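Here are some notes for a colleague who is opening this entry for the first time. Please keep the sequence and the model side by side while reading the points.

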Amino acid sequence: MILLIGSAPDVVRCAAWPKQAFGKIVAINNAWRVRPDWDFLVHAGDFPAERMPQGGPLQQARSSAPRITCRRKTALAASSMPAAPCR
C-alpha cells in the first residue's frame, strides 16, 4: 500500500501513522514537510528551489512529462546516481 500525501488541510493527520503500514510514502509538492520519512517527492519542474527539502541526499529523476520531477531519498550521493524515470 502506498501513502500519497498532498496539500489538503487535514494531511497533518497522517503524520502519526506508522510507516510500516505502507510500502512507500509519496509526497506531492510541499507535503514533504508533513513527515520526514517520505520515500518520493513529486513536484513540477518549476517548483521553487527554496521549497525543496534540505539536508538529505536525493536522487533526481525526470519522468516522461517534461515539467514533472520525482526525487527519491537514497543513501548515495545524488551526483553518483544516473537519472532514471520515476517508478
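Where is the place of Phe47?

1. Phe47 lies in the loop between S3 and strand S4 (58-62), strands being DSSP runs (E, at least two residues) numbered from the N terminus. This is a predicted model, in which local features need pLDDT of at least 70 and side-chain atom pairs count only at pLDDT 80 or more, while totals for chains, interfaces and linings use all residues. Residues are numbered from 1 along each chain as its sequence is written, and side-chain values use heavy atoms, with hydrogens and water left out.

2. Phe47 counts as buried at 11% relative accessibility (buried is under 20% relative accessible area, exposed over 50%, partly exposed in between, with a 1.4 Å probe and protein chains only). Setting aside residues up to four places away in sequence, Phe47 touches Asn29, Asn30 and Met52, where contact means heavy atoms within 4.5 Å.

3. Asn29, in the loop between S2 and strand S3 (40-44), has a positive phi of about 55° although it is not a glycine. Asn29 is partly exposed, with a relative accessible area of 32%.

4. Ile5 is one of the residues with the most contacts inside the largest nonpolar core, which has 13 residues (a set of buried Ala, Val, Leu, Ile, Met, Phe, Trp, Tyr and Cys residues joined through side-chain atoms within 4.5 Å). Strand S1 (2-5) and strand S2 (24-28) each supply at least two residues of this core.

5. Leu4, found in strand S1, is exposed, with a relative accessible area of 55%.

Definitions and conventions
Helices (H or I, at least four residues) and strands (E, at least two) are DSSP runs, numbered from the N terminus.
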